[in-house]
Amino acid sequence: MPVAFLALFFAWPVLAIVLRGLAEDGSVVDVWRRRSTGDVLWFTAGQAALSTLVTLAIGLPAAWATARTALPGRRVVRVLVLVPFVLPTLVVGAAVEALFERFGARTGSLTAIVVAHVVFNVAVVVRIVGGHWSLLDPRVEEVARVLGASPWRVVREVTLPRLAPALWSAAAIVFLFCFTSFGVILTVGGPGLPTLETEIWRHATRRTDFGTAAALALLQMAAVVVLLVVGGRLERRLASGATSRRVARPRPLRTGRERAVVVAAVAPALTLVVLALSILVERSLSVGSGHGIERYRELFRRTDSGLVVAPAEAIGNSLVIACAATALALVVGGLTARSVAAGRGRAGRVLDVAVMLPLGTSAVTLGFGILIAFDSPPLDWRSSRAMVVVAQALVGIPFVVRAMVPALRSIDPRLHEAAAVLGADPRRARAEVDRPVVRRAAQVAAGFAFAVSLGEFGATSFLARPDAPTVPTAMYRLLGRPGEALRGQAMALAVVLAVLTAASATVIEWRRRDGVGW
Amino acid sequence: MHTSNRSRRARRPARALVALAVLLAAAACTDDPDVATGGDDDRAVDCTPTDDVDRIDLGDAAVDADAGVTVKLGTHDSFAVGDGVLESFTAETGIEVEVVALGDAGEAVSQAILTAGEPVVDVLYGVDTTFVCRAIAADVFVPYRAAGLDRVPDALLAPGEDRVTPIDVGDVCLNYSKAAFPDPSDAPQDLDDLLDERFADAFVTEDPASSSPGLAFLLATIATYGDGWEAYWEGLRENGVAVASGWSEAYEDDFGAGAGERTIVTSYASSPVADVLFSDPPRDEPAIGVVADACFRQVEYAGVLRGTGHPTAAARLVDFLLSPTFQADIPLNMFVEPAREDVALPPEFEAHRTPIDDPITLDPAEIEAGRDRWTERWTEIVLR
């Protein structure tokens with residue numbers, strides 16, 4: 001089932017566009033051998049690696065503090081970091097640009113790209129690693145300390161190895177996101193810093209040079225496959241049976257020094273995110289030379305905005321589409337995760353890589369591919385509303401798989417055996433042993449699928465109908481027309497989206513009794 | 001057992017990383033078969049379509065012969081139309097119109113070329129001077145001579161035997177902030193002035209590789225300086241030109257709609273009109289001025305797409321786009337001017353527009369032949 005879904009909605013369109021591109025003059029190898037292609041590939045990989053390292057450096061302490069300590073307001077932290085992640089990258093780009101302006105620095109640099117990527121992706125580290133961390137039994141570390149290990153040695157030999165699967169999962173996702181990032185590169189990177197993704201877009205849409213675009217798209221996919229194969233191997237090797245079913249009790253903060261350490265741990269991530277968000281809020285409230293809520297009122301009116309509906313309608317559309325896409329992603333992704341986790345053979349590994357590919361494929365490739373692949377009966381679906389749901393689910397599925405596979409792998413088979421020995425029939429054994437782990441992972445997965453679906457812009461911009469815009473496509477239109485008023489409306493829409501995300505994340509956060517997951 | 005397991009664990013990923021490095025290195029191979037400046041320099045470009053497609057002829061068919069049909073109008077993202085305008089077309093012909101935004105102008109054309117013969121929409125509106133040749137040569141359109149074409153100045157017509165119909169005209173011009181230059185004589189007067197140190201670090205323009213006004217401005221400099229355009233841009237770079245990826249980044253962020261860090265920007269002759277209409281709080285006088293020298297004229301065209309299921313209904317929609325009703329609606333919605341010379345501009349548009357008497361024009365075939373080479377060269381000169 002997942003294979004058929006991926007083959008039809010992903011492989012087929014991508015194949016169609018690549019074949020179309022290859023039919024043009026000029027050989028793929030020539031494009032690959034251009035010096036400029038090499039430069040672009042190196043820069044793409046380099047900025048992604050740097051962004052991933054910095055995101056990990058800033059995200060890990062925050063993951064530890066929110067997962068392991070009784071930091072007051074740690075739930076708020078987890079909700080807050082998620083907000084930029086659902087904002088369209090164009091908006092995160094605009095926020096970071098405003099941030100740099102405020103501090104008198106210029107964007108259009110590698111630093112600006114890295115900062116924007118950190119703001120955008122820090123949620124991945126905090127939530128995936130943090131979620132896993134809170135399931136690790138802290139007594140193991142305590143035992144190591146009692147046995148005389150130095151704190152550093154405990155971290156190196158006990159904590160990190162047990163954390164490795166989640167760490168690697170998060171790093172892989174962040175790297176992929178940065179490797180294929182589009183909106184951020186375009187806004188804060190500026191035209192002087194092209195990546196594979198922006199070059200594919202430029203060749204396909206500015207030069208109508210589909211041959212070069214297809215060659216670059218193939219190169220991008222090849223690089224992603226290599227990364228995923230490496231990643232998959234590491235992850236399998238790192239899988240540990242160390243998670244417990246119970247969430248570890250957070251460590252109370254007794255001394256002032258402990259409190260200071262914890263605050264210092266969350267401060268960098270929190271500061272960045274809060275600064276970026278508050279600039280958005282400020283911009284949405286600025287009316288002329290003063291401040292007011294006029295822009296928010298305008299969201300509910302159909303003004304001269306270039307949108308055929310009131311901007312507020314986009315919010316409803318986005319929520320409905322995101323719910324449908326999340327459900328679809330959970331079903332397809334869940335089934336895939338089960339096959340991947342159970343499959344020790346080649347098939348499981350291939351599936352594992354295949355399911356991640358949509359993340360590493362340029363939205364332009366997929367968008368154009370869908371246009372020419374579904375253009376004639378019986379597959380005449382290219383203007384169907386359902387295609388938006390399918391496209392957003394494709395982007396969500398990798399998150400579902402990445403969140404669930406480590407959890408499924410971490411289930412110790414001996415627990416099943418133990419349950420059987422104690423007299424449970426196999427079905428009950430699976431239900432009682434697996435369900436708590438799976439449910440928690442599914443919550444994390446659904447949260448991410450919902451979030452990426454809400455924020456998805458690239459593929460949606462090709463497929464969303466103008467009378468049914470999503471929030472990101474509506475924002476893009478508002479930003480593209482002249483006038484401060486419309487720009488203010490776009491910012492207001494961004495803030496509404498941020499608040500909605502925060503609200504839904506908060507509801508889920510507080511309904512959970514155990515304090516993990518999303 | 002434990003140790004051997006561990007070292008194997010460490011080695012495998014390392015080997016895979018080496019494989020990745022090899023892949024990267026192979027791609028970065030120094031041998032360079034196609035340097036940006038070489039290659040297709042002397043490519044003869046012909047804007048004539050290759051296929052002979054039957055013309056659409058409405059003949060004596062009744063106005064409402066296609067009543068009940070829905071026609072899809074594909075546009076770029078900047079399309080906007082007043083309330084009730086498209087409805088008046090439906091009332092007259094019985095044809096429903098569905099507007100489909102196809103992305104920015106470049107994306108809309110790319111999509112039309114990719115889907116040539118099996119189009120997503122029936123009529124495409126918004127192909128401009130800089131891309132029209134490419135679209136016509138790719139056999140995207142069916143020839144049709146729209147009613148009212150005799151009211152359009154000949155200078156606006158595109159090559160390719162009625163494949164496309166001119167709908168609107170806009171001029172890409174330099175704009176300046178009136179706050180920074182209260183006296184118009186202090187503002188730059190022409191392209192040469194931008195090299196003056198009085199305007200050091202003051203000018204922001206758009207990347208011609210990703211922005212339509214950016215490309216128009218590059219073409220204006222090429223038309224003005226001929227072979228000297230490269231030297232001109234080297235001069236601009238020395239004088240601190242900033243480059244943004246798109247119009248809204250340049251105009252809204254860097255130029256701040258007249259209140260930003262940069263005080264000169266590449267925008268449109270009609271920007272002051274939009275500035276007054278969208279100003280916040282409302283004001284009567286625009287905060288920006290227009291440099292009337294070296295403006296580049298962009299014409300936007302519409303055409304019936306080859307392969308449409310409703311050729312005659314689509315042709316009627318093209319007629320409507322060129323009708324006085326739609327033409328009169330264009331200025332205040334899209335801030336460009338109607339292609340028909342017999343349609344009056346609305347007074348609030350007339351009041352703040354800067355008439356451009358002698359705009360720069362380039363032949364679409366010439367643009368097509370040079371565009372990619374020029375943008376590559378420009379990138380090397382200005383960004384690298």
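Just after helix H5 of chain A, A:Gly104 takes a positive phi of about 70°. (Helices, H or I of at least four residues, and strands, E of at least two, are DSSP runs numbered from the N terminus.) This is a predicted model, where local features need pLDDT of at least 70, side-chain atom pairs count only at pLDDT 80 or more, and totals for chains, interfaces and linings use all residues. Residues are numbered from 1 along each chain as its sequence is written, while chains are lettered from A and ligands numbered from 1 in the order in which they are written.

**Helix H5 of chain A**
- H5(A) covers residues 89-102, and at 1.5 Å a residue its 14 residues should span 20 Å; the end C-alpha atoms sit 20 Å apart, so the two agree. The expected span here is 1.5 Å times one less than the number of residues.
- Of those 14 residues, 10 are buried, so the helix is largely enclosed by the rest of the structure. Buried means 20 or more other C-beta atoms within 10 Å of the residue's own, exposed means 12 or fewer, and partly exposed is in between, with C-beta atoms placed from the backbone.
- The buried set includes A:Thr89, A:Gly93, A:Glu97 and A:Leu99.

**Helices H1 and H16 of chain A**
- The axes of H1(A) (residues 2-22) and H16(A) (residues 363-373) come within 7 Å and cross at roughly 90°. Axes are lines fitted to C-alpha atoms, for helices over the stretch in contact, and angles run from 0 to 180 degrees between N-to-C directions.
- H1(A) and H16(A) are therefore roughly perpendicular. That label takes 65 to 115 degrees; under 35 is roughly parallel, over 145 roughly antiparallel, and the rest oblique.
- On the H1(A) side, the contact uses A:Trp12, A:Pro13, A:Val14, A:Ala16, A:Ile17 and A:Arg20. H16(A) brings residues including A:Leu366, A:Phe368 and A:Ile370. (Contact means C-beta atoms, placed from the backbone, within 7 Å.)
- By class, this contact has 10 nonpolar, two polar and one charged residues. Nonpolar covers Ala, Val, Leu, Ile, Met, Phe, Trp, Tyr, Cys and Pro, charged covers Asp, Glu, Lys and Arg, and the others, Gly among them, are polar.

**The two chains in numbers**
- Chain A has 22 helices and two strands, and 55% of its 518 residues count as buried.
- In chain A, 82% of the contacts between residues at least 6 apart in sequence join residues at least 24 apart.
- Chain B comes to 12 helices and 10 strands, with buried residues making up 49% of its 384.
- In chain B, residues 24 or more positions apart account for 79% of the contacts with a separation of 6 or more.

**Domains of chain B**
- Chain B is assigned domain 1 (70-170 + 298-352) and domain 2 (171-297 + 363-383); such bounds come from an automatic or database domain assignment.
- Taken over C-alpha atoms, the domain centres are 27 Å apart.
- 18 residues of domain 1 contact 20 residues of domain 2. On the domain 1 side, H4 (132-137), S5 (165-177), S9 (288-305) and H11 (347-352) each supply at least two residues.
- That domain 1 side divides into 10 nonpolar, five polar and three charged residues.

**Positive phi in chain B loops**
- B:Asp162 has phi near 65°, positive in a residue other than glycine. B:Asp162 is in the loop between S4 (141-142) and S5, and counts as partly exposed with 17 C-beta neighbours inside 10 Å.
- B:Asp201 has phi near 55°, positive in a residue other than glycine. B:Asp201 lies in the loop between S5 and S6 (203-206), and is partly exposed, with 13 other C-beta atoms within 10 Å.

Notes
Contact = placed C-beta atoms within 7 Å.
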